[in-house]
Amino acid sequence: SSLFLPQMERTFIAIKPDGVQRGLVIDRPNKFIASCSLLRKILKPSGYNNQISEIISRFERKGFKLVGIKIMVPSKGFTQKHYHDLKEKPFFNGLCNFLSSGPVVAMVWEGEGVIRYGRKLIGATDPQKSEPGTIRGDLAVVVGRNIIHGSDGPESAKDEISMWFKPEELVSYTNNADKWIY
Ligand code: RTP
């Protein structure tokens, strides 16, 4: 009965411009580019050959559910709003310039405990202090280029999701994986 269904929470996760441009999002960009004749004409293969959808797959393998995703270049003003809590910090301006400097992959992930556990998957803010096995621990080196953002609590998750996504851009579905296995 619905009494036993856990309350499903959602969090906002963003892959920052460094994470996108280092080719950590698309599995084997060379192969992907080779399969699209249009892309082949406009892009040179980058030489990156990363593991399968590195960042996204870590959330997926854990068992969390992707309910929203898009790629966009946020404006400077938008990133200032996103990081409004940090506006007194000396690095605020540089941080906002950086986040608005290129494409960001914005996502909403759903699952029991996803806000807190998503932060665990991401690791400590400073990649020098993130444990090996975490996204930042394994894939990043400096605090200003720590490749990923995750909401730090229920309030910020709610605010950030509504800032980055319209309600109709998020899906709700039951995962019936068994149905697709014959
Ligand atoms: P995020 O919001 O990006 O998930 O990161 P966080 O909660 O782990 O860290 P927060 O303290 O909210 O800082 C936000 C982002 O600002 C950059 N930062 N630079 N000393 C510095 O230069 C410095 N400190 C923080 C990081 O990119 C951090 O993710």
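Visitor: What do the buried residues of helix 4 pack against?

Guide: Quite a list, and bear in mind that this is a predicted model. The buried residues of helix 4 pack against strand 1 (9–15), helix 1 (17–21), strand 3 (104–111), helix 7 (114–122), helix 8 (135–139) and strand 4 (148–150).

Visitor: Which residues of helix 4 are the buried ones?

Guide: Helix 4 covers residues 54–62, and its buried residues are Glu54, Ile55, Ile56, Arg58 and Phe59. Just past the end of helix 4 comes Gly63, with a positive phi of about 115°.

Visitor: Why is His149 called buried?

Guide: Count the neighbours. The cut-off is 20 or more other C-beta atoms within 10 Å, and His149 has 20 C-beta neighbours inside 10 Å, so His149 counts as buried. His149 sits in strand 4. Leaving aside residues up to four places away in sequence, His149 touches Ile13, Ala14 and Lys16.

Visitor: What does UniProt list for His149?

Guide: UniProt, in an unreviewed entry, lists His149 under "active site". In the model, His149 is also one of the residues around the ligand.

Visitor: Which other residues surround the ligand?

Guide: Leu86, Phe91, Leu95, Thr125, Val143, Gly144, Asn146, Gly150 and Asp152 are there too.

Visitor: What makes five of the residues in that shell polar?

Guide: It comes down to the sorting. Gly goes with the polar residues, as does anything that is neither on the nonpolar list nor Asp, Glu, Lys or Arg. Sorted that way, the shell around the ligand divides into four nonpolar, five polar and one charged.

Visitor: Which residues touch the most other members of the largest nonpolar core?

Guide: That core has 28 residues, and the ones touching the most other members are Phe12, Ala14, Ile15, Met107, Trp109 and Ile148. Two or more residues each come from strand 1, helix 4, helix 6 (92–99), strand 3, helix 7, helix 8 and helix 9 (154–164). Strand 3 gives the most, with six residues. Nonpolar side chains tend to be buried together in soluble globular proteins.

Visitor: What does Trp109 touch?

Guide: Not counting residues up to four places away in sequence, Trp109 touches Arg10, Thr11, Ile13, Phe59, Phe64, Lys65, Leu66, Val114 and Gly118.

Visitor: How many helices and strands are there in the chain?

Guide: Nine helices and four strands. From the N terminus on, they run β-α-α-α-α-β-α-α-β-α-α-β-α. Of the chain's 182 residues, 27% count as buried. Among contacts with a separation of 6 or more, 69% link residues 24 or more positions apart.

Definitions and conventions. Residues numbered from 1 in each chain as written. Predicted model: local features only at pLDDT ≥ 70, side-chain atom pairs only at ≥ 80, totals over all residues. Near = placed C-beta within 6 Å. Buried ≥ 20, exposed ≤ 12 C-beta atoms within 10 Å, placed from the backbone. Contact = placed C-beta atoms within 7 Å. Core = buried A, V, L, I, M, F, W, Y, C linked by C-beta atoms within 7 Å. UniProt positions renumbered as here; feature names shortened; annotations may be inferred.
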